[in-house]
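Here is a short tour of one chain. Look at the model first, then read on.

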Amino acid sequence: MSAPPDSLAPVRAELLRAARADADALLERARADADTVLREARATADAVLARARELGAADADAGAARERVHAAQDAWAAQLAARGEVYDALRDAVRAEVRRAALARDPAARSALTAAARAALGPRARVTATVAGGVTAESPGRRVDLSADALADRALERLGVRAETLWEPS
């Protein structure tokens, strides 16, 4: 015996075909939507990356500028330290020469300094010879230092900014 013809077969076939068509259309729309979302995500990622590069470059420029400032400050500090060392060496040399040549062994220089101290503080000032040459003098409430080191220091101070010519290129 043969099976009775199925009268619903065409309806089922049509429903199956329609379901497949709907599924294919839905799948095509999902793929299109996925492509759109992916393109937008790539565009957003490219924009974020470009902005990050801009910010990174700006940070690098700012960092480089800070480094240049620090380098300039370090160079200036080193130059000032070197100038200080040169000035200190000059002061030490001048003090030594004033002690050696002018005041330590010269009684006339000591007498002249004693007279200058008494002229500044009065005839009753107590004048004391210093070991390195020169004198100091005291009277009530006043003191005068005419030691070799003090005189050398004052001579260098009078040079003022002209002392800077010692470390400038010639």
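Why does Thr136 count as buried? Its relative accessibility is 14%, under the 20% cut-off, so Thr136 counts as buried. The model is a predicted one. Thr136 belongs to strand S2.

## The whole chain

Three helices and three strands make up the elements of the chain. Their order from the N terminus is α-α-β-β-β-α. The radius of gyration is 49 Å. A compact globule of 170 residues would come out near 15 Å. Along the principal axes, the C-alpha atoms fill a box of roughly 155 × 40 × 25 Å. Of the 170 residues, 15% count as buried. Take the contacts between residues at least 6 apart in sequence: 38% of them join residues at least 24 apart.

## The sheet

The three strands form an open sheet in the order S1-S2-S3, and the pairing is antiparallel. S1 (126-129) and S3 (142-147) are the edge strands, and each pairs on one side only. From one strand to the next, the twist averages 15°.

Strand S2 covers residues 134-139 and pairs with S1 over four bridges, in the antiparallel sense. The hairpin of S2 and S3 has two residues between the strands. In this hairpin, Gly141 takes a positive phi near 80°.

Ser139 is another residue of strand S2. Is Ser139 buried or exposed? Its relative accessibility is 16%, so Ser139 counts as buried. Beyond its neighbours within four places in sequence, Ser139 is in contact with Leu121 and Ala125.

## Helix H2

Helix H2 spans residues 107-121, which makes 15 residues. From its first C-alpha to its last it reaches 21 Å, close to the 21 Å expected at 1.5 Å a residue. Which residues of H2 are buried? They are Ala109, Leu113, Ala117 and Leu121. Seen down the axis of H2, the buried residues fall within an arc of 90°, so they line one face of the helix. An α-helix has 3.6 residues a turn, so residues three or four places apart point the same way. On the other side of H2, Pro107, Ala108 and Ala119 are exposed.

Leu121 has its place in H2. At 11% relative accessibility, Leu121 counts as buried. Leaving aside neighbours within four places in sequence, Leu121 is in contact with Ala137, Glu138 and Ser139, and also with Arg142, Arg143 and Val144. Leu121 and Asp149 are 28 residues apart along the chain, and their C-alpha atoms are separated by 20 Å. Gly122 follows H2 and has a positive phi near 105°.

## Helix H3

Helix H3 (residues 148-159) lies across S2 and S3, and it runs at about 85° to S3. Its 12 residues should span 16 Å at 1.5 Å a residue. The end C-alpha atoms of H3 are 17 Å apart, which agrees. Which residues of H3 are buried? Ala148, Ala150, Ala152, Asp153 and Leu156 are. Just after H3, Gly160 takes a positive phi of about 55°.

| Residue | Relative accessibility |
|---|---|
| Thr136 | 14% |
| Ser139 | 16% |
| Leu121 | 11% |

Two of these residues also meet each other: Leu121 is in contact with Ser139. Thr136 and Ser139 are in strand S2, whereas Leu121 is in helix H2.

Key. Residues numbered from 1 in each chain as written. Predicted model: local features only at pLDDT ≥ 70, side-chain atom pairs only at ≥ 80, totals over all residues. Heavy atoms only, no water. Pairing = 2+ DSSP bridges. Axes fitted to C-alpha atoms, helices over the stretch in contact; angles between N-to-C directions. Contact = heavy atoms within 4.5 Å. Expected span 1.5 Å × (residues − 1). Buried < 20%, exposed > 50% of the residue type's maximum accessible area, 1.4 Å probe, protein only. Arc of directions from axis to C-beta. Rg over C-alpha atoms; globule rule 2.2 N^0.38 Å.
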